[in-house]
Amino acid sequence: MSSRLLQNFKGGRAIVVVRRGGWESALETTLAKLGVSTEYPEIIDGRAQIDVASLQAERDILFIDGDLEGAVAIEVNPGSRLPPVPVIGLVGVEAPSRLKALVNLGATSFLRKPVHGGAVYTSLFMGINQFLLRAEMYERLQGLEERRRGRRAVIRAVILLMRQDGLDEEGAYSQLRRDSMRARQNMELYCEEFMSKRAKPPDTSGRTTGITLQGGNKQAI
């Protein structure tokens with residue numbers, strides 16, 4: 001896993017969801033010094049007008065005022081608990097319910113109100129890098145899960161070669177590995193396609209015809 005941390009935020013865009021009252025100027029000024037532009041979406045009927053679909057994780061950062069209940073509705077990936085972009089919670093009243101609401105929105109960092117310029121970089125650094133770290137970990141876990149599921153196809157393909165071609169386990173596995181390398185595919189994907197091509201058509205009952213073993217028994221692959 002990469003340990004590289006993002007330290008330069010130039011070119012970023014902060015979307016700050018607050019009811020403007022003057023205190024946010026310190027945040028805006030500090031962000032500008034860091035090369036981050038600031039936008040304030042309009043709030044209509046208590047809901048911030050944000051085009052969530054247009055947000056870009058490599059550029060955008062959401063600053064959400066926790067005192068504005070229900071101002072932002074974004075979909076958080078249930079597996080990774082990540083929103084589409086980094087979220088930094090602006091905390092005024094430290095009520096557990098409001099902190100929980102920010103966590104449920106995927107906040108990876110917090111910034112106390114009224115904002116002091118000296119705290120902005122640390123909050124930005126933590127928020128963005130925790131977001132990137134979680135995203136990377138989730139991607140790696142997804143890859144491992146896909147490989148785990150793919151191992152079943154490998155086992156089935158090895159068994160099929162052993163039965164149909166008379167190979168032992170090591171020989172069948174070695175053949176599949178060589179063939180997958182020639183096809184420039186990972187072993188799991190190659191075996192999935194291999195099994196799909198070798199699959200027999202269903203019989204009249206709608207069942208898949210199995211492989212005939214010695215003694216006349218059949219076993220589905």
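1. The largest nonpolar core in this predicted model has 17 residues. Five of them make the most contacts inside this core: Leu-27, Leu-31, Phe-63, Leu-111 and Leu-124. As a general point, nonpolar side chains tend to be buried together in soluble globular proteins.

2. Where does this core come from? At least two residues each are supplied by strands E1 (13–17), E5 (60–65) and E6 (87–91). Helices H1 (25–33) and H3 (117–165) also supply at least two each. H3 gives the most, with 4 residues.

3. Look next at Leu-31. Which residues does Leu-31 touch, leaving aside neighbours within four places in sequence? Its contacts are Ala-14, Val-36, Thr-38, Phe-63, Val-120 and Leu-124.

4. Now the helix pair. H1 and H3 pack with their axes 9 Å apart, at an angle of about 60°. H1 is therefore oblique to H3. The crossing of these two helices is right-handed.

5. Which residues make the contact between H1 and H3? From H1 come Leu-27, Thr-30 and Leu-31. From H3 come Gly-117, Val-120 and Leu-124. By type, this contact has 4 nonpolar residues, 2 polar and no charged.

6. Leu-27, Leu-31 and Leu-124 are among the residues with the most contacts inside the largest core. Leu-27 and Leu-31 of H1 and Leu-124 of H3 also take part in the helix contact.

Methods: Residues are numbered from 1 along each chain as its sequence is written. This is a predicted model: local features need pLDDT of at least 70, side-chain atom pairs count only at pLDDT 80 or more; totals for chains, interfaces and linings use all residues. Side-chain values use heavy atoms; hydrogens and water are left out. A nonpolar core is a set of buried Ala, Val, Leu, Ile, Met, Phe, Trp, Tyr and Cys residues joined through side-chain atoms within 4.5 Å. Buried means under 20% relative accessible area, exposed over 50%, partly exposed in between (1.4 Å probe, protein chains only). Contact means heavy atoms within 4.5 Å. Axes are lines fitted to C-alpha atoms, for helices over the stretch in contact, and angles run from 0 to 180 degrees between N-to-C directions. Angles under 35 degrees count as roughly parallel, over 145 as roughly antiparallel, 65 to 115 as roughly perpendicular and the rest as oblique. A crossing is left-handed if the near helix is turned anticlockwise from the far one by less than a right angle, and right-handed if clockwise. Ala, Val, Leu, Ile, Met, Phe, Trp, Tyr, Cys and Pro count as nonpolar, Asp, Glu, Lys and Arg as charged, and the others, Gly among them, as polar.
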